[in-house]
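Please read the points below with the structure open.

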Amino acid sequence: MKYAEIITEIKAREVDKIFCYKVPEDMEEKIREGMRVSVPFGRGNRLTEGYVIGLSDKASTTRTLKEITEIKDEFPVLSKTSIELAKWMREKYYCTLTDCLQCMLPKFTGDRVIKYVHRGESFSDGENISERAGKQVLAVKILKEKSPVRQDILRNNYDIPYSALKSLEKKGIIKITGHEESRDLYNIENSEPKRTHSPTAEQQAVIDEIISDFDRKDKRPFLLKGVTGSGKTLVYTEVIDEAVKRGKQAIVLVPEISLTPQTVQRFISRFGSLVTVTHSKMTDGERFDQWKKARRGQVSVMIGPRSAVFATFENIGVIIIDEEHEHTYKSELTPKYDAREIAVKIQELSGATVVMGSATPAIESFYKAENGEYRLLELNHRINMRLPDIHAVDMRDEMALGNKSMFSVKLQNAIRETLERKKQIILFLNRRGHSTFVSCRKCGYVMTCESCSVSYTYHMKENRLVCHYCGSVKEIPDKCPSCGSGYIKYFGAGTEKITQEVNKLFPEARVLRMDADTTKSKDSHRQILNAFARGEADILVGTQMIAKGLDFPNVVLVGVVAADLSLNSSDYRSAENTFQLLSQVSGRAGRADSIGRVLIQTYMPENYCIEYAVNNDYINFYKEEIEFRRQMKYPPFSHICVVLFSGEDEKAVISSLHHFAEVLDFYGREKDYERIGPGAAVVSKIKDRFRHRIIIKGADEEKLKRYVFYCLDKFQKKEDLKEITVNVTINPTYIP
């Protein structure tokens with residue numbers, strides 16, 4: 001007899017353990033590790049989905065065992081690498097094994113169809129259904145009225161298990177058939193795979209070094225530092241081409257959904273139908289289809305944001321992480337994984353080659369390259385051999401001259417000149433909406449969300465106030481809610497206001513806007529970018545989703561409207577984030593034959609991160625920033641753990657957090673840990689839940705984690721936290 005080790009889909013930590021089940025005799029030949037199954041669970045034997053993570057000829061317990069009810073799919077949904085990865089993630093990110101497994105899998109939309117085939121008019125007419133078999137009776141009733149019906153509809157809408165349907169099929173009443181829907185996301189019919197360019201000598205040297213890693217045993221990730229426009233994508237395609245020729249598969253990660261359409265088209269032009277894609281704007285069915293293609297080996301290249309790193313290929317040859325410095329590679333939801341860390345672990349488990357590319361590598365990544373943990377590769381020359389001319393515009397001088405516009409005279413003149421040349425312009429501001437906040441000029445009252453401790457943002461198109469944290473909407477008052485005056489004014493600027501100002505100053509210009517508000521629909525990213533690429537607009541206004549990775553040959557001018565927005569945050573990464581954003585958006589200018597020009601508007605042109613961005617000087621920025629991190633004991637010289645308590649009762653949240661601080665102090669005495677707080681989070685209330693946190697620093701990540709989680713376990717055993725949510729993040733992308 002065979003026995004299966006199964007982890008259920010239940011996410012509760014109390015049942016985060018492996019359960020042993022018998023494998024029925026008729027399933028012994030079919031069942032394999034990694035398969036999805038249905039099992040009876042708990043006292044009521046409720047049918048629950050689970051995953052087979054091990055098979056044995058010997059039971060792991062002496063208890064009476066239950067049997068697997070159903071094998072859900074014809075093939076394993078998880079590879080051996082995926083199972084080992086999930087076990088590692090559970091310990092790394094302090095979550096359940098089910099959390100980890102489910103982030104690797106799509107929502108199974110079901111590909112079985114149930115048809116009613118028995119022609120009898122009543123149950124007594126040879127149907128042999130017991131009146132106690134209520135689910136079978138219900139299934140027949142539904143199928144008599146409407147046939148065929150997809151299995152997932154019967155399961156989700158009527159709670160009819162597959163076991164009831166199998167019983168009906170054995171009795172000859174219904175027939176279960178397979179059903180496949182092929183949803184093509186991109187037009188690849190006329191895409192003849194081809195190589196568009198030959199590598200330069202500099203590119204070829206990098207390509208050769210990466211390909212040599214395919215056969216190397218002592219693998220380390222590559223960090224490819226390549227200036228914007230140096231042809232990193234060609235390096236990626238050449239490396240992937242070699243991997244595919246060797247019968248291996250490739251994963252390509254991009255930081256933004258907005259980059260996916262342009263990236264996919266580049267790869268389709270090289271690899272045709274071997275390419276597929278996954279991202280959150282797709283329907284569940286579309287994502288399920290692409291997952292199946294990868295699992296069955298029908299495609300060789302998977303492209304997408306961070307979750308694409310879990311593509312269940314059997315033979316991964318290379319993982320590419322483009323714009324590796326981007327914070328979007330770290331999940332803010334459980335499990336709080338970092339796609340870069342996942343890729344490195346996959347390399348360890350499977351022997352895949354990992355390439356992380358960026359013009360402005362993350363400080364921690366470059367530090368690892370300096371210390372030999374990563375292998376450093378460099379592309380120091382643009383393909384057109386000319387970097388854009390970058391200038392900082394001091395907005396203090398503009399104010400002194402009486403210019404109250406959000407555009408400096410220099411930027412206005414540059415826009416006008418570029419429009420006359422029939423060239424294109426990108427205007428960047430990392431803030432959506434029309435105005436930052438709405439305030440009363442008489443008493444200073446600011447319109448603030450009642451559920452969150454943030455001000456509303458004014459959206460002109462809808463003529464409403466919107467909270468960017470909880471999504472609540474409020475009508476604009478005629479009078480100040482505090483003092484009753486009519487002096488309501490909009491302050492600050494967002495992308496919507498910039499668009500309005502551009503239309504006012506340059507009425508002849510055709511303008512497109514790209515931000516979270518204009519890209520809500522499924523295909524909006526691609527539509528906007530394609531329209532701009534076709535020359536249907538002169539100016540593209542946008543947030544950070546237009547700052548990196550995009551390639552528009554006709555763009556010769558980039559204007560950064562307010563460079564100080566990200567610099568004025570309280571986060572220790574603010575200088576790094578600002579430098580990276582400015583460098584990346586500057587790289588959108590002059591990518592073809594024309595010389596690019598970049599104007600950066602700022603009130604702090606003397607700040608070191610802006611000076612180095614203007615001079616395109618990553619190395620000296622890195623040297624100054626790494627010394628700041630060393631002195632302040634910030635990563636990579638320490639690790640940071642943020643423990644966030646949240647709840648509807650602020651007093652209870654504060655009290656519990658102070659008690660937890662006492663536990664930390666008790667178990668952390670005489671140890672090298674630094675505690676900061678307790679204190680209110682930067683945004684102290686979201687969706688009517690108050691947020692307070694403690695920050696703990698430690699030199700060793702594993703020791704820090706064990707210390708914090710040990711203290712949490714001790715604390716939770718004596719403290720009632722039913723009304724309080726505890727959230728733990730190691731090395732967050734920003735301090736909440």
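The numbered points cover the basis of the model, a sheet with its helices, and aromatic pairs.

1. This is a predicted model, in which local features need pLDDT of at least 70, side-chain atom pairs count only at pLDDT 80 or more, and totals for chains, interfaces and linings use all residues. Residues are numbered from 1 along each chain as its sequence is written, and side-chain values use heavy atoms, without hydrogens or water.

2. An open, antiparallel sheet is formed by 4 strands in the order E28-E29-E27-E30. Strands E28 (673-686) and E30 (725-730) are at the edges with a single partner strand each, so one side of each has no neighbour in the sheet. Strands are DSSP runs of E of at least two residues, and helices are runs of H or I of at least four, numbered from the N terminus; two strands pair if DSSP finds at least two bridges between them.

3. Helix H20 (residues 701-718) packs on this sheet and touches E27, E28, E29 and E30. Contact here means heavy atoms within 4.5 Å.

4. The whole structure holds 24 aromatic pairs. Rings of Phe, Tyr and Trp (its six-membered ring) pair with centres within 6.5 Å; planes under 30 degrees apart are stacked, over 60 edge-to-face, and the rest tilted. Phe310 and Tyr337 have ring centres 5.0 Å apart and planes at 75°, so this pair is edge-to-face.

5. Tyr673 and Tyr707 are stacked, at 4.1 Å centre to centre with 5° between the planes. Tyr673 lies in strand E28 and Tyr707 in helix H20, so the pair ties together parts 34 residues apart in sequence.

Technical notes: Axes are lines fitted to C-alpha atoms, for helices over the stretch in contact, and angles run from 0 to 180 degrees between N-to-C directions.
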